[in-house]
Amino acid sequence: MKLGEIGALGAVVEAALISFFVGNVDFSEDGTEWLSEHDPQDIEYYPINLERWLKGESISNVDYSPPAESGLTVDKALVQGSVIAPMLSGGNIGSHDISVTVTTDTGRQRNRKIKLRVKDL
């Protein structure tokens with residue numbers, strides 16, 4: 001899901017202040033994972049903090065790509081300052097790497113895989 005497409009879906013609340021249930025991960029670090037486990041029945045935002053990586057730049061594009069075999073769906077996405085958050089639902093039991101690619105207004109781009117554990121809770 002690309003940031004530009006999100007608005008067309010009516011799925012982004014760009015300026016809203018949302019308190020997240022799930023703790024955020026730091027995009028500037030490699031090998032990150034959300035500490036909360038995801039139940040296939042959950043529909044939840046999974047926040048990613050870009051503040052250290054952005055260094056004052058703005059987000060121009062975000063792409064979330066869960067692997068097909070994960071069974072995860074990106075229902076919506078949120079941009080809240082330097083925090084981005086895909087809303088994920090579904091999922092097959094196991095550990096899955098969600099590919100996240102962020103592009104800044106200056107053209108810098110970074111791709112990281114963030115691990116999400118899916119389990120019947």
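Contact here means heavy atoms within 4.5 Å, and every view is taken from a predicted model.

**View 1. Ile84 and its contacts in the nonpolar core.** Leaving aside residues up to four places away in sequence, Ile84 touches Tyr46, Pro47, Ile48, Leu50, Ile59, Val62, Tyr64, Leu78, Val79, Val100 and Val102. The largest nonpolar core has 23 residues, and Ile84 is, together with Ile48, Val100 and Val102, among those that touch the most other members. Two or more residues of this core come from each of H2, S4, strand S5 (72-80), strand S6 (83-90), strand S7 (94-104) and strand S8 (109-118), and S5, with four residues, gives the most.

**View 2. The aromatic pair of Trp34 and Tyr46.** One aromatic pair is found in a search of the whole structure: Trp34 and Tyr46 are arranged edge-to-face, with 5.3 Å centre to centre and 65° between the planes. The pair links distant parts of the chain, 12 residues apart, since Trp34 belongs to the loop between strand S1 (25-26) and strand S2 (43-45), whereas Tyr46 belongs to the loop between S2 and strand S3 (48-49). Trp34 and Tyr46 are both buried.

View 3. Glu57 is placed in the loop between helix H2 (51-54) and strand S4 (59-65), and it counts as buried because its relative accessibility is 18%, where the cut-off is under 20%. The side chains of Glu57 and Thr104 are joined by a polar contact of 2.6 Å. Apart from residues up to four places away in sequence, Glu57 touches Thr104, Asp105, Thr106 and Arg108.

**View 4. Arg108 and the ring of Trp53.** Arg108, which is also one of the residues touched by Glu57, lies over the face of Trp53 at 4.5 Å from the ring centre.

Terms used
Residues are numbered from 1 along each chain as its sequence is written. This is a predicted model: local features need pLDDT of at least 70, side-chain atom pairs count only at pLDDT 80 or more; totals for chains, interfaces and linings use all residues. Side-chain values use heavy atoms; hydrogens and water are left out. Buried means under 20% relative accessible area, exposed over 50%, partly exposed in between (1.4 Å probe, protein chains only). A polar contact is a pair of N or O atoms within 3.5 Å; within protein, one must be able to donate a hydrogen and the other to accept it, and residues adjacent in sequence count only if both atoms are side-chain atoms. Rings of Phe, Tyr and Trp (its six-membered ring) pair if their centres lie within 6.5 Å; planes under 30 degrees apart count as stacked, over 60 as edge-to-face and the rest as tilted. A charge sits over a ring if NZ of Lys or CZ of Arg is within 6 Å of the ring centre and within 35 degrees of the ring normal. A nonpolar core is a set of buried Ala, Val, Leu, Ile, Met, Phe, Trp, Tyr and Cys residues joined through side-chain atoms within 4.5 Å.
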